[in-house]
Structures are given as structure tokens and as C-alpha cells.
Amino acid sequence: MNILLLSMPDYFEHMPPVAVRMPNGALTSLAGNIDDHHRVAVADLILSRGRTRETVTRVFRECNPDVLGLSVMTFQRRTATRIIDLARSLKPSIKVVVGGYDPSLAPEAYEPMGVDYIVRGEGEITFRELLRALESGGGFDRICGLSHRAEGRWLHNPSRPVHRLEGSEIRLPKRSARVLGGYTLLGRPVDVVETSRGCTYDCSFCSIIEMRGRNFHTYSFERVLNDIRDARDHGARTIFLVDDNISLNVHRFEALCQAIIEAGLNKLDYFVQAMTSAIADHGETLAPLMHRAGFRYVFLGIENILEDDLEFLRAAAKNTARQQGANRENATLKAINYLHRNRMYVVGGLIIGNPDDTRESIEANLEFARKYVDWPYIQHPTPYPGTPMTQQFRERGLISNERLEEYDGTTAVVRTEHVAAEEVEYLRWNAERWMKIRHMPVAFRHDPWFVIRNAATMFAHTFRGCSLRSMLGLEDGRKAFQRYKAIRCRERAYV
């Protein structure tokens, strides 16, 4: 059979698309884990923003797919519906499969969308078994993790247990299946590699626990190093380690850094997500090792600098430094100092606009970001399906926006008890764009030609809606913000 796998073009606002175009690692993993006799193509539509309809049409004609698979997040649901409609118009007989966080946690939302199958949870084995059933004409009722239609109604098979990642059942991604190109991070070819799955914390904003439970499973270092080599051999010069929580086992992470060095793979640049407590507690030995292994950017899950907000986010435990087993102060500053001391840059993950936030508490977090983080990744709490946060916001009547296409993390869709949603978003937008400009010299040192070629584009993206008058303070900044909101609304019409 011919298989076409698509990720959606909807993007996160945090960085200009010209600076970051990251591949969807789940799709190449699916491609690598179906039977070899199938012909599979992967198209990340983030690479075709502005011409999505034309790209899908062209790829359809080239691939003539029998099965279409879509990876979907909540804010991409509307776009997925339109792509499914387009696919049906191009080939009415095509079988449509959806998977990812949103279909896994809200399968009922996809039942009326014209899909044939929903893959819930980890998809590699479920999708492989689904294709075998389609090929043989066999039944679907014994495929764990699959939802399907039978006799006019939807049936939801039992969930598939999470894979322990042991052995070789889950094979390496198939990067050669990609039919579009241009993945970059600040001008350098980028790819994604996974070394582990899962997390044992229960942050209220996170979908991971709801999707797979509280667990942590790891791949062997041999497999990880082979995956990095494969990414490099396909052109990558920067590797983003996409683990849910790679620093959950610090000793394993240290050993992985050492293995990267010993394998001679430390000439690549690495980008990783990490807990502040892990860096704070082990930074004296871990941070120098990370630098030698090639780590350049670290996304720190700071979440918030105020203890009350950390309690609401259920993130206090992973943001507290410890000494001889006893909890101490918030770990954030200590972690940042270790990373900066070892010439790494901090992407600061913060969440503002929590239920009891005041204007002053929001400003405190923004001021912290101005002082200490190198690149802001500031989000608003978003009521994604299945998360504890969603229930709490609904119970308190704080959800002010049900337009799911705006659930992208940088559109405030909930208000606080003290601040309107739009004001929360304005405060972030007004502060964050200047923080981003401050990082331009670092980007220039990293890749000067990329910055010279694209500085104007990145600047224009960051300051969309602004005019010379607004930047000089001669116009109310909220007018520029409203223009930005209107531009952002138009941008969301991807198909």
C-alpha cells in the first residue's frame, strides 16, 4: 500500500518560522515501523506554510496514497478537518487515520470528522497492526489502542500498554521517507532524536501523564547513538532531544553525554529540555559534561517563579533544589548559573496567567525572564483535553475562549481572578518581543550568514502589528497589539 503521513502547518508563536522549522519525529518513527513492502512518504507541512493546499495536492498526486495518517495537536484540529476534506476530494476512497495527543485524549471529537481510524497513545505498533489488518481484510477489534467504526458506530478497543522501549521491536525512524526539506534551527539543519519516553511527575498542564501514565522508559545507548548518526547522515548539524523528561534519571543523562563524547558525536549541536532541580542539584558535574558533549541550548521548565503558582501547576517538586535529601530554595537561579557558567543558553519556559495571578505576579515573572533567560518561551495556561488544569479552570469559570485553533500556548484563552485574558496576553507580548531581540547577537555568533540574510524577516515577524510610531512610544501599544491579533487570526487560515 501507499502511505502518506502528514503533520499540520499550524505553528507555535515562540520563534519566527524562518528561524525554527522542526520535524515531527513521530511521523518518521511511524514510517520506520511499518512493514518494509509498503511505500511511505512523510510531509511536515510546517515547511509549506502559505501554500499548504498546493503542497498537499502535489504530494497526493506524486504518492497516490491508499492510507493518509495525520498527527494532530489540539490547536491544529480545525486545520486537520480541512485537510481531511481536501484529501477526500482528491481521493474519496482513501482511508484516514489520525493520531497524536489530541486524538488520543479527545477521540470523540474526531468521530464526526470523516476519519476512519483513531490511533490512541503510542502509535508505532498500533499503526503497523492496522496496516496489516487493512491489507489482509482482517478484523480490527483485537488491535489495542485503536478506535474504529463498525456497523455505524464507533468502537474503542482497549488501550495499548506503553512500550518499555527494550529490544528492537521499535525500529529507528525512517528519515528517507521525507518528501519535503528545509528543517532548520537558526540556520543549521536540525533533526529530532528520542532517548526516552515518559515522566513520573504530574504537572497539571501536561498531557503526558493522561496519555501514558506515570512511567519512564529508555532506549539503549547503542540505539540512541545510531539514531544520532542517522540524523547526521541525513544532513542534521543540530539535534533536538525531544524526551518528555530526559533529566529524570540524571546519572543516565550524564552517561549519555559521556557516550556522545566517546562516539565522536559531540561536534554536533544539541538542544535539550531539562528540569531546573536536576541541573541545580547536579550542575557542578553535569553542566561541564553537557557542554563537552555539544549541548548549546537548554529548555528549562521553570514554569513560574512564585510558589503559589508552582503549587497550582503541580510543578513545585521539579523546581526545588535539594541538599542531602532536604528541599531547599527554588532551583531556577542556581540551574541558570550552572548553564551560563558552562557557556550554554537558557530557553526559559514560563507559564503566566494562572487562576490567582495578579498583574504584579505576572510582571514579576516577566521581569525575571528579562534578567535571566536568554530566549523566552512564555506560555499561558491552556485547557487541553484531559489535563487536571482543564477541570480546574472549568470549575472556576475562567475559560473565556473556546476557539481551539487559538489554543497554541501564546493566545490567552483563560482569564485569572484578577486580570482579563487579553490583558494577560498583552503583557506577555509587549515584554517578550524585546527579550527576543536581545538574543540576536548570540544568534549572529552562532551563524552570522543566517542572521545577515534573515534578520529583517525575523525582526518583522517578532514585531508584527507594530509601527514606527508605536515603537517610539507615540502610539498606544494596545493598538499595535490589536493589529498583531488581527494578523495572527489571518495566519491561522492555513488551508
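I take buried to mean under 20% relative accessible area, exposed over 50%, and partly exposed in between, with a 1.4 Å probe and protein chains only. I am working on a predicted model, where local features need pLDDT of at least 70, side-chain atom pairs count only at pLDDT 80 or more, and totals for chains, interfaces and linings use all residues. I number residues from 1 along each chain as its sequence is written, and side-chain values use heavy atoms, with hydrogens and water left out.

**Entry: the sheet**

I looked up the strands next. Helices (H or I, at least four residues) and strands (E, at least two) are DSSP runs, numbered from the N terminus. I call two strands paired if DSSP finds at least two bridges between them. Strands of a sheet pair through backbone hydrogen bonds, either parallel or antiparallel.

I found an open sheet of seven strands in the order β3-β1-β4-β5-β6-β7-β8, with mixed pairing. Its edge strands are β3 and β8 (153-156), each pairing on one side only. Neighbouring strands are turned by 20 degrees against each other on average, direction ignored. Axes here are lines fitted to C-alpha atoms, for helices over the stretch in contact, and angles run from 0 to 180 degrees between N-to-C directions.

I then followed β1 (residues 2-7). Strand β1 runs parallel to β3, and six bridges join the two. Leucine 6 has alanine 43 of β3 as its bridge partner. Five bridges join β1 to β4 (residues 67-71), also a parallel pair. Here leucine 5 is partnered by glycine 69 of β4. Helix α2 (residues 52-63) packs on the sheet and touches β1, β3 and β4, its direction making about 160 degrees with that of β1. Contact means heavy atoms within 4.5 Å.

How many residues of β3 are buried? Five of the six in β3 (residues 39-44) are, so the strand is largely enclosed by the rest of the structure.

**Entry: salt bridges**

I count a salt bridge when a side-chain nitrogen of Lys or Arg is within 4 Å of a carboxyl oxygen of Asp or Glu. My search of the whole structure gave 39 salt bridges.

I checked arginine 149 and aspartate 116, whose side chains meet at 3.0 Å, N to O. Arginine 149 lies in β7 (residues 146-150) and aspartate 116 in the loop between α4 (101-105) and β6 (117-119), so the pair ties together parts that are 33 residues apart in sequence. Arginine 149 is partly exposed at 42%, while aspartate 116 is buried at 10%.

I went on to lysine 485 and glutamate 425, with the closest N and O atoms 2.9 Å apart. Lysine 485 lies in helix α18 (residues 477-491) and glutamate 425 in helix α14 (residues 421-438), so this pair ties together parts that are 60 residues apart in sequence. Lysine 485 is partly exposed at 21%. Glutamate 425 is buried at 2%.

Glutamate 406 bridges to arginine 403 at 3.2 Å between the closest N and O atoms. Glutamate 406 is buried at 10%, and arginine 403 is partly exposed at 47%. Both belong to a network of salt bridges that also links Glu13, Asp408, Arg464, Arg488, Glu491 and Arg492.

**Entry: positive phi**

I noted leucine 165, a residue other than glycine with a positive phi of about 65 degrees. Leucine 165 lies in the loop between β8 and β9 (184-185) and is buried at 3%.

Glutamate 303, also not a glycine, has a positive phi near 70 degrees. Glutamate 303 lies in strand β15 (residues 295-303) and is buried at 8%.
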